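Subject: Structure for your review

Dear colleague,

Please find the structure below, with the sequence alongside. The notes that follow set out what was found in it.

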Amino acid sequence: MHGDLPVRGPGRPQKNVLVFENLCHSCGGCFEICPENAVLEKERSLGDIEHGTVNGISFIHGRLSIGQVMVPPIIKKIRSYTDPNMITLIDAPPGTSCPVIAAMNKADFILLVTEPTPFGLHDLKLAVETVRILGIPCGLVINRVGIGNDAVNQYAKKENIPVLMEIPFDKKIAQIYSRGEMIVDKMPEYKNKFLDLFKKDRDPRWKKGRQEMRELVILSGKGGTGKTSITAAFASLAENMVLCDADVDAADLHLILNPDFKETMEFKGGHEAVINPDLCTQCGRCMEVCRFGAVKDSFEIDPIDCEGCGVCVDLCPEKAIDFPQTVSGQWYISGTRFGPMVHARLGIAQENSGKLVSLIRTEAKKLAAKNNRDLILTDGPPGIGCPVIASIGQATAILIVAEPTVSGLHDMERVGRLARHFNIPAMVCINKYDLNPEQTEAIEALAQKAGITVVGRITFDPAFTGAMIQAKTIFEFNHTSQAGKEVRQIWDRVLALPAFNAPVTQILNHI
Ligand code: SF4
Ligand code: SF4
């Protein structure tokens with residue numbers, strides 16, 4: 001059973017809120033932030049788990065119920081039954097999606113298996129990127145050697161991935177497999193090869209190079225608190241880092257960092273309904289079912305009002321509505337004077353900023369893994385909505401930049417609650433604290449009560465505005481300013497915090 005399914009609660013009889021159970025990922029975000037507490041939770045069954053023994057070896061597997069899409073919870077449940085004192089072999093799903101991550105997360109070693117073909121090489125590259133994001137050591141087995149070329153070997157050499165075993169392309173092996181038999185039973189010469197492989201992937205030499213990637217997300221309950229200026233200042237202090245501007249609705253880190261755009265990619269975040277007038281009989285069904293009033297009297301769809309829900313597409317009796325993907329924005333990989341940066345721009349009136357935030361955070365991790373950088377500094381979006389939830393999942397820690405105002409206190413409390421819900425360590429610093437010392441104390445007291453670590457105060461200093469106008473960090477603008485000194489102290493405290501120095505295996509709990 002899997003919990004946390006948000007469902008419609010009582011209290012709003014005039015409005016129907018649709019919850020698509022199969023799409024709900026049980027993140028609990030709506031449950032947490034609904035101001036009316038109108039979201040209830042109930043358990044639902046996702047599938048079955050079976051357990052048995054074969055020749056003294058314990059065996060566990062799961063089966064997802066038909067129509068269910070939530071694979072990670074069932075994988076996590078299966079893994080929860082394994083005995084930590086025994087060696088566990090996990091047969092992971094293919095690909096690089098969430099189920100694969102759920103299967104690999106916290107493993108001691110990943111054995112990648114591929115074949116020496118262009119498809120094998122392509123899939124291997126994706127798998128290696130994923131493994132590097134997780135920071136788990138890996139080795140490679142090349143199966144069906146002889147059917148393709150040497151490109152997989154060359155790639156492995158270039159990427160420093162040990163090839164632990166090669167299995168030749170052999171019809172006899174394929175026949176054994178087709179009968180459901182095991183190669184080690186039918187071809188005894190393979191027994192020792194597999195034993196060797198097993199010894200090798202436990203060899204500490206292959207476990208070198210484990211990367212402990214950290215991500216600090218800087219957040220504020222609302223815009224204008226100085227969050228971006230503080231992120232830019234941190235960027236100038238951090239070493240071996242990748243920057244990620246996740247404030248995709250109003251990105252402005254680039255204004256200070258003046259990035260050199262190296263790659264530009266389209267973000268396709270949703271769909272838009274388009275009526276084909278040649279097929280439309282003007283029956284009016286789409287107008288009736290569209291809850292967003294997006295179908296005009298002229299039987300055209302207003303792209304601004306269309307939420308891309310697809311209901312009209314499904315219900316049009318003439319199949320007269322196309323549903324193309326829309327380009328909702330761009331994302332970029334750039335160079336800055338402090339290190340590489342991943343950033344994005346959501347198109348005007350476009351939805352799905354949460355998706356775009358997730359995308360650029362993933363790309364920032366890939367970039368960090370590729371360049372052996374072990375820190376990501378993410379400038380998060382303001383507020384506590386969907387983009388913020390997307391910006392903190394799996395983060396190592398968050399830093400809330402609060403202002404000493406009544407709303408600053410309220411905002412910090414809400415962001416802190418969100419962090420607690422996702423089990424992410426939270427810190428707070430108070431910017432412009434001397435504008436209202438009493439409110440500063442109130443924020444610090446509340447933070448302590450809520451388990452949020454107070455890492456410092458920053459004086460109200462016009463140097464921040466001066467720096468922003470000149471597209472500089474506070475240190476570049478005035479390296480002796482009081483505010484600059486305080487930012488430096490906060491940075492040192494962030495780096496010293498035990499939560500921020502937790503091992504990577506603890507960081508990745510939230511997949
Ligand atoms: S439901 Fe289909 S056929 Fe009917 S008005 Fe809409 S687009 Fe036209
Ligand atoms: S896709 Fe959804 S929002 Fe867009 S026109 Fe159709 S029913 Fe309305």
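Two strands are taken to pair if DSSP finds at least two bridges between them. By that criterion, strand 10 and strand 13 (residues 325-336) pair in the antiparallel sense over ten bridges. Within this pairing, Glu266 stands opposite Gln330 in strand 13. Please note that the model is a predicted one.

Overall composition

The protein has 511 residues, of which 35% are buried. Its secondary structure amounts to 20 helices and 18 strands. Of the contacts between residues at least 6 apart in sequence, 72% join residues at least 24 apart.

Strand 17 (residues 426-431) is mostly covered, with six of its six residues buried. In a regular strand, side chains alternate between the two faces of the sheet. In strand 17 both faces are covered: Ala426, Val428 and Ile430 are buried on one side, and Met427, Cys429 and Asn431 on the other.

Another covered element is helix 9 (residues 227-237), in which ten of the eleven residues are buried. Among the buried residues of helix 9 are Lys227, Ile230 and Phe234.

In soluble globular proteins, nonpolar side chains tend to be buried together. In this model the largest nonpolar core has 76 residues, and those with the most contacts inside it are Ile360, Leu377, Ile398, Ile400 and Val428. Helix 13 (residues 353-370) gives the most to this core, contributing eight residues. A second, separate core has 17 residues, including Ile142, Ala156, Ile161 and Met165.

Which residues does Val428 touch, not counting residues up to four places away in sequence? They are Ile400, Ala402, Met412, Ile443, Ala447, Ile452, Val454 and Val455.

Three strands form an open sheet in the order 5-6-7, with parallel pairing. Strand 5 (110-114) and strand 7 (163-168) are its edge strands, each pairing on one side only. The twist from one strand to the next averages 20°. Strand 5 is joined to strand 6 (residues 138-145) by five bridges, and Leu111 has Gly139 of strand 6 as its bridge partner.

Met165, one of the residues of the second core, lies in strand 7. Is Met165 buried or exposed? Met165 counts as buried because it has 21 C-beta neighbours inside 10 Å, where the threshold is 20 or more. Leaving out residues up to four places away in sequence, Met165 touches Val141, Lys193 and Leu197. Met165 and Phe194 are 29 residues apart along the chain, and their C-alpha atoms are separated by 8.4 Å.

The loop at Asp249

Asp249 is located in the loop between strand 9 (241-245) and helix 10 (253-257). Asp249 counts as partly exposed because it has 19 C-beta neighbours inside 10 Å. Setting aside neighbours within four places in sequence, Asp249 is in contact with Leu346, Ser353, Pro381 and Pro387. Of these contacts, Leu346 is 97 residues from Asp249 in sequence, yet the two are 5.8 Å apart in space, C-alpha to C-alpha.

The two ligands

There are 13 residues around ligand 1, and Cys280, Cys283, Arg285, Cys286 and Cys316 come nearest. By class, this shell divides into eight nonpolar, three polar and two charged residues.

Ligand 2 is surrounded by 14 residues, the closest being Cys290, Ala294, Cys306, Cys309 and Cys312. The shell around ligand 2 comprises eleven nonpolar, two polar and one charged residues.

Yours sincerely

Notes
Residues numbered from 1 in each chain as written. Chains lettered and ligands numbered in written order. Predicted model: local features only at pLDDT ≥ 70, side-chain atom pairs only at ≥ 80, totals over all residues. Core = buried A, V, L, I, M, F, W, Y, C linked by C-beta atoms within 7 Å. Buried ≥ 20, exposed ≤ 12 C-beta atoms within 10 Å, placed from the backbone. Helix = DSSP H or I, 4+ residues; strand = E, 2+ residues; numbered from the N terminus. Contact = placed C-beta atoms within 7 Å. Near = placed C-beta within 6 Å. Nonpolar A, V, L, I, M, F, W, Y, C, P; charged D, E, K, R; others polar. Axes fitted to C-alpha atoms, helices over the stretch in contact; angles between N-to-C directions.
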